[in-house]
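Here is a short report on one protein model. Have the structure open as you read.

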Amino acid sequence: MAAVPALQSVPVNLGPRSYTVQVGSGLLSGIGTEVAEKMGERKSCAVITDSNVGPLYADAVLESLRAVGKNAHLITVPAGEASKSLLSAQTVCGEMVRAGLDRKSFVVALGGGVIGDLGGFCASIFQRGIPYVQVPTTVLSQVDSSVGGKTGVNLPDAKNMVGAFHQPLHVIADVATLDSLHKREWNEGFAEIIKHACIRDASMLEAIDAVADGAGDMADLIRRNIAIKAAIVEADEYETLGLRALLNFGHTLGHAVEAAAGYGAMLHGEAISLGLRAAAWLSVKRAGLLQTDCDRIIALLQKFELPTRLPEGFDTDELLRITRMDKKFETGKIRFVLLPKLGEAFVSKDVTEADLIAALDEIRK
Ligand SMILES: NC(=O)c1ccc[n+]([C@@H]2O[C@H](COP(=O)([O-])OP(=O)(O)OC[C@H]3O[C@@H](n4cnc5c(N)ncnc54)[C@H](O)[C@@H]3O)[C@@H](O)[C@H]2O)c1
Ligand SMILES: O=C(O)C(=O)C[C@@H](O)[C@H](O)[C@H](O)COP(=O)(O)O
Ligand SMILES: [Zn+2]
């Protein structure tokens with residue numbers, strides 16, 4: 001990672017639910033002080049993490065919290081998407097009860113998007129809701145999932161089917177934690193980064209290219225992505241105005257592929273990469289995106305070794321069946337995000353099932 005400048009803060013302005021995302025290196029050891037400031041007299045907390053992240057970073061976080069007088073209890077779930085389930089939420093909430101947490105407690109979600117979504121969801125339902133702090137440790141969770149307050153779990157049928165909007169009180173993105181990511185987990189985060197560039201900031205494609213070539217400024221790229229996500233969430237927190245829905249570019253078919261593969265078989269970013277290729281192709285057919293721009297998106301995904309060809313074994317009918325459960329499917333009509341040009345997106349109500357079938361045929365090639 002390129003040299004990290006001093007701590008940067010990105011505000012997320014949501015009135016009474018406003019918070020700050022801190023981006024910098026070596027922030028974990030200062031978490032106690034940061035959290036103490038936000039949580040005031042709340043004394044007990046659950047640090048929720050997974051079996052990969054816990055052994056690497058939980059001690060630093062627990063020590064820092066205990067040093068400022070917090071009673072911090074560690075709760076560890078198995079690493080991977082399968083832990084984003086109602087059963088895990090029940091297990092975690094059960095551990096929170098047995099640890100003596102109450103309505104004056106809080107949660108620290110230490111890990112990737114799975115832990116952020118699960119930990120945030122547990123915070124949203126535990127005794128009808130307690131505050132939480134996001135401490136994202138993957139590229140994907142730093143640039144996307146830790147910001148915006150979408151929390152939840154999957155059902156076997158489809159992704160993110162049970163959840164709540166519950167904004168964090170604070171987000172601490174320590175970019176030094178990214179150094180321990182395996183290449184596959186590092187790369188998958190770029191699917192969401194490329195998504196942000198496609199829908200909001202075409203000029204970011206160059207910065208992404210530079211990072212792929214080992215020359216770019218990753219910390220700055222992370223900050224830029226957080227700012228894009230924050231601006232969209234600020235404008236449409238509850239996804240009711242058609243703006244936040246743009247963050248779903250590539251997700252309609254991507255989510256179906258992720259669920260159909262079996263949770264954990266494909267990483268979220270890998271499934272979204274396939275969804276992005278399908279959505280970019282449909283954007284050429286239905287929205288006038290230039291073929292050269294579509295090719296540019298695909299080439300960039302490939303630079304991060306992300307899949308752009310649907311593997312054998314995915315049944316089109318099954319993928320359509322799952323797609324119909326998507327939250328963007330309303331009264332029998334799909335709302336599909338298309339790109340007329342790089343950096344601009346809109347929600348189309350004119351995409352048909354025949355279009356989806358054609359897009360799936362295309363990404364099989
Ligand atoms: N809420 C949102 O707005 C939002 C946005 C995007 C994605 N998501 C969700 O996020 C999830 C995907 O998140 P993810 O890709 O971060 O997956 P993840 O949380 O499963 O992390 C990927 C892998 O990396 C490991 N890991 C995490 N941090 C590490 C570190 N610093 N060093 C070494 N290993 C580490 C994890 O243990 C896991 O094995 C999906 O469930 C997706 O639906 C939510
Ligand atoms: O924050 C959002 O809004 C997003 O859509 C971000 C997506 O990257 C993310 O995968 C999200 O969890 C999808 O949400 P869903 O409502 O489509 O399940
Ligand atoms: Zn996503």
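A residue counts as near a molecule if its C-beta atom, placed from the backbone, lies within 6 Å of it. By that rule, the residues around ligand 2 are D144, G148, K150, K159, N160, E192, R244, L247, N248, H251 and K327. Keep in mind that this is a predicted model.

**Ligand 2 and its shell**

What classes of residue make up the shell around ligand 2? Six are charged, four are polar and one is nonpolar. Domain 1 (8-180) and domain 2 (183-363) each give at least three residues to this shell.

**Two domains**

Where the two domains touch, 27 residues of domain 1 are in contact with 28 residues of domain 2. On the domain 1 side, the elements that give two or more residues are β1 (8-12), β2 (19-24) and α5 (139-145).

**Ligand 1 and its shell**

How many residues surround ligand 1? There are 33, and the closest are N52, G112, G113, T138 and S145. Helices α2 (53-67), α4 (113-125), α5, α6 (183-200) and α10 (268-287) each give two or more residues to the shell. The shell divides into 15 polar, ten charged and eight nonpolar residues. Why does ligand 1 lie between the domains? Both domain 1 (8-180) and domain 2 (183-363) give residues to its shell, so ligand 1 lies between them.

**Helix pairs**

Two packed helices are described by the angle between their axes and the distance between the axes. The table gives both values for three pairs.

| Helix pair | Axis distance | Crossing angle |
|---|---|---|
| α6 and α7 (residues 204-212) | within 9 Å | roughly 155° |
| α6 and α8 (residues 218-235) | 10 Å | about 55° |
| α9 (residues 251-261) and α12 (residues 316-323) | within 9 Å | roughly 115° |

Start with α6 and α7. Angles over 145 degrees count as roughly antiparallel. The axes of α6 and α7 cross at roughly 155°, and these helices are therefore roughly antiparallel to each other. Helix α6 passes α7 in a left-handed crossing. F190, I193, I194, H196 and A197 of α6 meet M204, L205 and I208 of α7. This contact has seven nonpolar residues, one polar residue and no charged ones.

Next, take α6 with α8. These two helices are oblique to each other. Again the crossing is left-handed, as α6 passes α8. From α6 come I193, H196 and R200, and from α8 come L221, N225, I228 and K229. The contact of α6 with α8 divides into three nonpolar, two polar and two charged residues.

Are they roughly parallel or roughly perpendicular to each other? Helices α9 and α12 are roughly perpendicular. Helix α9 passes α12 in a right-handed crossing. T252, L253, A256, V257, A259 and A260 of α9 make the contact with E318, L319, I322 and T323 of α12. By class, the contact of α9 with α12 has seven nonpolar, two polar and one charged.

Notes: Residues are numbered from 1 along each chain as its sequence is written. Chains are lettered from A and ligands numbered from 1 in the order in which they are written. This is a predicted model: local features need pLDDT of at least 70, side-chain atom pairs count only at pLDDT 80 or more; totals for chains, interfaces and linings use all residues. Two residues are in contact if their C-beta atoms, placed from the backbone, lie within 7 Å. Helices (H or I, at least four residues) and strands (E, at least two) are DSSP runs, numbered from the N terminus. Ala, Val, Leu, Ile, Met, Phe, Trp, Tyr, Cys and Pro count as nonpolar, Asp, Glu, Lys and Arg as charged, and the others, Gly among them, as polar. Domain bounds come from an automatic or database domain assignment. Axes are lines fitted to C-alpha atoms, for helices over the stretch in contact, and angles run from 0 to 180 degrees between N-to-C directions. Angles under 35 degrees count as roughly parallel, over 145 as roughly antiparallel, 65 to 115 as roughly perpendicular and the rest as oblique. A crossing is left-handed if the near helix is turned anticlockwise from the far one by less than a right angle, and right-handed if clockwise.
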